[in-house]
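Colleague: I would like to learn how to read strands, helices and single residues in a model. Can we work through some cases together?

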Amino acid sequence: MNVHDIHAKKDAAIVAGLRAAGATIEPPQSLDATAMAVRAVRNVRRRRVVVAATTALAGLVLAGAGIGAAGAIYADQQVPLPGADKSSEEPSPTSELPAPAPSEALEDAPTEYLETGGGTLPVLPGVERGVVESGEQSPYILGGLWYEVPPGGWSAVGDVNAGGVAGWLDPERPDALSLGADRTIDDMDATIELRNVFDVAGWTAPARDSGATTLDIEGADLVVIEQHEDEGKIRPVTITLRSGDEGWIIETRFTADAAGDTMLRNFVGNLWLRDAGEPDWYQPAFSYPTLAAIEQGVPAGWVRTEHNGLKFAVPPGWTAEETEGEFSPGVEWTGPTITHADPGVDPEWSERVYIQGGLPGNNWWSQNMVAPQSQLIDVPGADYAEVLPTVYNADGEADYYWVDIYLHQEDQGENLFLVVEFDGTEQGLQDLHTFLGTLDFRR
């Protein structure tokens with residue numbers, strides 16, 4: 001099973017957020033919001049290994065103070081869709097891929113027909129909805145189309161979040177890991193290429209007996225799946241999809257065998273349109289909790305501490321370690337080891353609080369109006385305090401809470417950025433609320 005780089009989503013979220021913040025305010029000229037975010041991400045990166053789908057969300061991850069990625073929020077909301085190159089990741093064993101559906105069973109399946117694009121086509125047999133590696137979706141989005149990248153460590157070609165074209169390479173193919181940064185999708189055999197187009201009014205379905213098939217995708221008025229003749233070990237397929245004035249042309253080149261056929265069916269079985277809303281089968285890896293009322297104060301037993309003028313407290317037994325900072329040293333507080341027995345997840349990890357120091361002066365931050373989880377909270381001594389909470393779900397249960405916090409001390413005070421992680425249990429959520437209640441920026 002592929003170990004998906006969840007951090008790429010969070011990295012993208014934080015980097016995009018801080019870059020957005022730097023673009024809307026006037027911080028010191030020496031401020032490099034992107035560098036600050038990257039440094040913060042590097043210092044706070046999780047030690048535990050989280051198994052997830054090979055895509056990120058658009059992932060559906062959170063946007064920082066500013067995607068998209070990521071696991072899900074909308075691409076036009078600058079969500080952290082992880083377009084990071086995964087070429088350094090080790091591909092997953094093919095033995096852990098979903099078991100291929102027998103070709104004979106598909107050929108013997110009864111034919112079902114569906115009207116699409118002004119014509120009628122047989123429905124592609126053997127498609128199951130929402131089949132992903134970890135059981136939860138972490139898709140990318142191109143325009144209004146959500147899609148999943150197959151398991152196995154597929155890597156992005158270019159910026160898949162830029163819109164227009166998205167390209168992906170299968171690391172199992174020859175030279176996949178040695179092509180370098182200048183590689184293109186033309187360098188590989190097994191690929192996925194998606195193009196978002198808008199000159200779609202003249203699109204029509206081919207003839208019923210053309211060999212093309214279709215699939216029912218809510219919100220789409222045209223879906224055509226054309227499987228072409230094999231090219232050696234590769235079977236090219238063209239998927240044409242239209243919803244109103246927006247269209248997509250998807251070229252897949254999976255292996256010409258049962259595993260490739262299954263990969264195709266799982267790929268098209270995960271396509272859905274934003275405007276039609278989340279399908280019933282969609283199980284996002286990320287969701288966005290609404291925090292309850294925060295009571296200020298420090299409970300008995302919690303350890304009081306301070307950094308760059310911010311007073312706060314952490315649960316008993318936590319330890320502190322200084323880290324690098326863009327403008328001043330940061331600090332990371334780490335809790336005792338927590339043991340999990342979840343399959344595919346490192347059973348030992350720690351809750352943590354990371355603080356990245358800034359510089360005093362004007363407020364660097366502005367509220368992220370496109371991140372649905374953005375909330376302003378009251379922090380004594382702060383004239384700006386924003387939190388963006390996200391929960392990562394595993395097997396339908398909250399696994400851990402991840403919260404970005406942006407603070408500015410009143411009267412030209414400090415600008416601080418915090419990353420906080422607490423366990424996904426009720427106690428973890430309670431401790432998160434308690435931690436937020438300990439924040440005090442008064443001089």
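Modeller: Start with pairing. Two strands count as paired if DSSP finds at least two bridges between them. Keep in mind that this is a predicted model.

Colleague: How many bridges join strand 3 to strand 4?

Modeller: Strands of a sheet pair through backbone hydrogen bonds, either parallel or antiparallel. Here, three bridges join strand 3 to strand 4, residues 145-147. The two run antiparallel. As an example of a bridge, Ile 141 has Trp 146 in strand 4 as its partner.

Colleague: In what order do the strands of that open sheet come?

Modeller: The order is 3-4-11, with antiparallel pairing across the three strands. Strand 3 (140-142) and strand 11 (272-273) are the edge strands, as each pairs on one side only.

Colleague: Now strand 6. Which strands does it pair with, and in what sense?

Modeller: Strand 5 (residues 155-157) pairs with strand 6 over three bridges, in the antiparallel sense. Strand 7 (residues 191-197) also pairs with strand 6 in the antiparallel sense, over five bridges. Follow Leu 169 to see both pairings. Ser 155 stands opposite Leu 169, and Thr 191 in strand 7 stands opposite Leu 169 too.

Colleague: Is strand 6 mostly covered or mostly open?

Modeller: Mostly covered. Strand 6 spans residues 165-169, and four of its five residues are buried.

Colleague: On to helices. What span should helix 5 have?

Modeller: Helix 5 covers residues 426-438, which is 13 residues. At 1.5 Å a residue, helix 5 should span 18 Å. Its end C-alpha atoms are 19 Å apart, which agrees.

Colleague: Which residues of helix 5 are buried?

Modeller: An α-helix has 3.6 residues a turn, so residues three or four places apart point the same way. In helix 5, the buried residues include Gly 428, Asp 431, Leu 432 and Phe 435. The run from Leu 436 through Gly 437 to Thr 438 is buried as well.

Colleague: Last, a loop residue. Where is Asn 308?

Modeller: Asn 308 lies in the loop between strand 13 (303-307) and strand 14 (310-314).

Colleague: Why does Asn 308 count as partly exposed?

Modeller: Because its relative accessibility is 23%, and buried means under 20%.

Colleague: What does Asn 308 touch?

Modeller: Beyond its neighbours within four places in sequence, Asn 308 contacts Ser 328, Gly 357, Gly 358, Glu 414, Leu 416 and Phe 441. Take Glu 414: it is 106 residues away from Asn 308 along the chain, yet their C-alpha atoms are separated by 7.1 Å.

Definitions and conventions. Residues numbered from 1 in each chain as written. Predicted model: local features only at pLDDT ≥ 70, side-chain atom pairs only at ≥ 80, totals over all residues. Heavy atoms only, no water. Buried < 20%, exposed > 50% of the residue type's maximum accessible area, 1.4 Å probe, protein only. Expected span 1.5 Å × (residues − 1). Contact = heavy atoms within 4.5 Å.
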